[in-house]
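Here's a friendly walk through a protein model for someone meeting it for the first time. Have the sequence and the 3D view open, and follow along.

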Amino acid sequence: MAEYAEYRQNNLDNILNFNYGIELFPGSSQNPVIKKNTREVALIKLKRLLRSNGFAFLAENNKEAFILMFLYARKMNENNALDLIRNYYQFRKEHDLWFRRLEPFDPKIQMAIQDGFPSVLSNLDRRSRRVLFMVCSQWNTERYCLLTIYRALLVSLEHLIKDVNTQYNGFVFIVDWTNFTARQTMNISPRLLHVMLQGLQDCFPAKIKAVHFINQPWYIDGLMSVVKPFLKEKTKNKIILHGLNLNTLHKHFPRDILPSELGGEQPPYDSRIWLKSLLGSSLGVDL
């Protein structure tokens, strides 16, 4: 009986002392839980950092809406937001030509948006995120280049990111490769694509929560295999491949928010609506 009691005590000691990733009975030496900054506290801390790191012009009260975009993109962490601001300005300095006349009145940008680069759904997904999609076969490579598509995307994102709910909840993308040809692929420079993705990943104040590929051909898989090594692991994990199976796409996006071309219940997407919204916003009127 004494041996059994000793066995039970030793077994209990082993269970209590085994590390399951948490302490069942934390002692007084346990580190306190670190609470996230509130928006107000994060703003104060970020302004202090901006003043001491060469960005004093962003610490003025009339810039709060702008720097809040960076705080939301980095979950109210003032140090990470400062790094993002540095990257934002450095990227624009290094690629100055890309950002000249970055507005919906640019004729080439209008061409890309009219072809659905990007297409912006009017409905949010179930997590209140903005949904953007692109049907890649609609790219007219004779009228505009990959850089124009990138500029059209930036114009759209900069417009959408003004909304605080979008800053908080982020974006999701659907990229439809149906009927995208190998000839069109020849107009994609892996090096240029890498720089563009780096700009979105590290230099733009937006939460891109997921990118869904559908109907991607083998040569797109080959292109992504070249680009992926340059992406952060977190970014790689956000790329979801559906192939020909729209049913798996509809597990992420309910059909009642999707246009018919994505197997949804909404009417076909009309790119003119988004273009009019961008033009009207720039003019300060509703078109």
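## Charged pairs

Arg101 is partly exposed, with 46% relative accessible area. For such labels, buried means under 20% relative accessible area, exposed means over 50%, and partly exposed is in between (1.4 Å probe, protein chains only). Before going on, some ground rules: this is a predicted model, where local features need pLDDT of at least 70 and side-chain atom pairs count only at pLDDT 80 or more, while totals for chains, interfaces and linings use all residues. Residues are numbered from 1 along each chain as its sequence is written, and side-chain values use heavy atoms, with hydrogens and water left out.

Back to Arg101: what does Arg101 form with Glu103? The two make a salt bridge, with their closest N and O atoms 3.0 Å apart. That term stands for a side-chain nitrogen of Lys or Arg within 4 Å of a carboxyl oxygen of Asp or Glu. Glu103 is partly exposed as well, at 28% relative accessibility. Side chains of opposite charge can pair when their charged atoms come close. Searching the whole structure turns up 12 salt bridges, and the table lists some of them.

| Salt bridge | Closest N and O atoms |
|---|---|
| Arg100 and Asp96 | 2.7 Å |
| Glu103 and Arg101 | 3.0 Å |
| Asp115 and Arg143 | 3.9 Å |

Now for Asp115 and Arg143, whose closest N and O atoms are 3.9 Å apart. Asp115 sits in the loop between helix H5 (107-114) and E1, and Arg143 in the loop between E2 and helix H6 (146-160), so this pair ties together parts that are 28 residues apart in sequence. The H and E names are DSSP runs numbered from the N terminus: helices (H or I) have at least four residues, strands (E) at least two. Asp115 counts as buried at 17% relative accessibility, whereas Arg143 is partly exposed at 33%.

## The sheet

Next, the strands. There's an open sheet of 5 strands in the order E1-E2-E3-E4-E5, with mixed pairing. Which strands stand at the edges? They're E1 (119-120) and E5 (239-241), each with a single partner strand, so one side of each is left without a neighbour in the sheet. Two strands count as paired if DSSP finds at least two bridges between them.

E1 is joined to strand E2 (residues 130-135) by 2 bridges, and these two run antiparallel. There, Ser119 has Phe133 of E2 as its bridge partner. Further along, strand E3 (residues 171-176) pairs with E4 in the parallel sense, over 6 bridges, and Phe173 stands opposite Val211 in E4. E4 and E5 run parallel too, joined by 3 bridges; here His212 has Ile240 of E5 as its bridge partner.

How many residues of strand E4 (residues 208-214) are buried? The count is 6 of 7, so the strand is mostly covered. In a regular strand, side chains alternate between the two faces of the sheet.

## Rings

Aromatic rings come next. Rings of Phe, Tyr and Trp (its six-membered ring) pair if their centres lie within 6.5 Å; planes under 30 degrees apart count as stacked, over 60 as edge-to-face and the rest as tilted. By this rule there are 16 aromatic pairs. Phe66 and Phe70 have ring centres 5.1 Å apart and planes at 65°, so they're edge-to-face. Both lie in helix H3 (residues 64-73), 4 residues apart, about one turn of the helix. Phe66 is partly exposed at 21%, while Phe70 is buried at 0%.

Trp98 and Tyr150 are also an edge-to-face pair, 5.8 Å centre to centre with 80° between the planes. Trp98 lies in the loop between helix H4 (78-94) and H5, and Tyr150 in helix H6, so the pair ties together parts that are 52 residues apart in sequence. Trp98 is buried at 12% relative accessibility, and Tyr150 is buried at 5%.

One aromatic cluster is made up of Phe55, Phe57, Phe66, Phe70, Tyr88 and Tyr89.
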